[in-house]
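Okay, everyone, thanks for coming. Let me put today's protein up on the screen, and then I'll walk you through it.

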Amino acid sequence: MAEHQDGTENSDRHHRHFHMPHMHLPHFHLPHVRLPHIHWPHFHIHFHDRPLSGEPHPERPFHWRLYWCEALATAVLMVVGLVCVIMLTAPGTFPARLLAPYPNIQTALCGLCFGMAGTAAAMTPFGKISGAHLNPSVTLAFMLSKKIVWIDALGYAIAQILGALAGTAAVYAMGLVFAPWHMLSREVHYGATIPYTSISVWYALGSEALVTGLLIITLYWLAAHPRYKAVTPWIGGIFFLVMNPLTAWLSGNSVNFARSLGPALFDGTWTSLWIYLVGPFAGSSLAVLAIRFDLFGKIHLLEARLVNFGHHGRVPHLDDPHFKHAAPEHYEAYRAHLEELAKAKASATQAGE
């Protein structure tokens, strides 16, 4: 009997559970709050680590982010620059046929386009991180000016060579997919710089040294004057637009060993490669010597950068290359202020919970 009553009660409860009327609760829509974007400090990067002003922290001898960004920016330079040169000079292309009666204009446009390829590389996030040297001769000048130590300068040079090889490989790979491109690029030696063979090789060497020296002085002068800093990454196109018709017939106006090495490797033209190592390095060294003697006025660089200035020699962050920490002399006040902001944010989060 008791079992029968328990069963009846369980049945009743089961019946009531499944046949209760549905209750429609109102839906609450929380207001959408848009929080302002705040740049929080990245304290995992040492505040006093300043490799691009010649003052790296002793505990941070290598700066891999700088090297990889420099390699990627150099690859961009090579892809854009070589494609432009091939299109402008390879027989059979429309621009080459159009410009054939005007060789000086053709040469000037090659200089303009390769120079603007450097601008394009500098304007990428990678160029803004590394400072867009894009050229071992530029890095050498910064090292001789004590704006970058030899370990980082070596890292930059290796990165530039690897980036140039990768960029040239990308141009070469385009020919594997598109056969006409392979023919065009082969006809102009993948944009290689080749000395003029009808005169002494020393003229080509001197040309490389002279043009590199003038380029370094131009870049230094612009980067050292706040009024003209913004022009610095754009000057390459104008510089080579002017210089190419004057001197490119001697050596090709490489001024950049990495730029010459990439096409030489894929084209197999090695015999004159030493010119593009010795000439630009000599020109860069002489230019720094002239700057030290104030032959072009007082030129004082704050950091080894050609773009995105104002980081006090530090390494910017890839997620926000433009964010700038305070100057080192204001470190304590700056950090205290940011810690107060962090505490206020934490308090607000706890109160909301």
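Before anything else, when I say two residues touch or are in contact, I mean that they have heavy atoms within 4.5 Å of each other. And keep in mind that what you're looking at is a predicted model.

So, the overall picture. We have 353 residues, and buried ones make up 45% of them. There are 13 helices and zero strands. Take the contacts with a separation of 6 or more: 75% of those come from residues 24 or more positions apart.

Now let's go inside. Which residues touch the most other members of the largest nonpolar core? They are Leu66, Phe142 and Tyr220, in a core of 36 residues. Helices that each supply at least two residues of this core include H2 (64-89), H6 (136-144), H9 (201-224) and H12 (275-292). H9 gives the most, with nine residues.

Ignoring residues up to four places away in sequence, Phe142 touches His133, Lys147, Ile148 and Tyr220, and then a run of others: Leu301, Glu303, Ala304, Arg305 and Leu306. There's also a second, separate core, this one of 20 residues, and Leu77, Ala90, Ala122 and Trp181 are among them.

Okay, back to H9, and how it sits with H12. In general, you describe two packed helices by the angle between their axes and the distance between the axes. Here, the axes of H9 and H12 come within 7 Å and cross at roughly 40 degrees. That angle is why we call H9 and H12 oblique to each other. As for handedness, H9 passes H12 in a right-handed crossing. The residues making the contact include Ala204, Gly213 and Tyr220 on the H9 side, and Ile275, Gly279 and Gly283 on the H12 side.

Last stop: Ala204, which is found in helix H9. Is Ala204 buried or exposed? Its relative accessibility is 1%, and buried means under 20%, so Ala204 counts as buried. Leaving out neighbours within four places in sequence, Ala204 is in contact with Pro195, Leu250, Ser251 and Ile275. And if you want a distance, the C-alpha atoms of Ala204 and Ile194 are separated by 9.2 Å, with the two residues 10 apart along the chain.

That's my tour, so over to you.

Methods
Residues numbered from 1 in each chain as written. Predicted model: local features only at pLDDT ≥ 70, side-chain atom pairs only at ≥ 80, totals over all residues. Heavy atoms only, no water. Core = buried A, V, L, I, M, F, W, Y, C linked by side-chain atoms within 4.5 Å. Buried < 20%, exposed > 50% of the residue type's maximum accessible area, 1.4 Å probe, protein only. Helix = DSSP H or I, 4+ residues; strand = E, 2+ residues; numbered from the N terminus. Axes fitted to C-alpha atoms, helices over the stretch in contact; angles between N-to-C directions. Parallel < 35°, antiparallel > 145°, perpendicular 65-115°, else oblique. Left-handed = near helix turned anticlockwise from the far one by under 90°.
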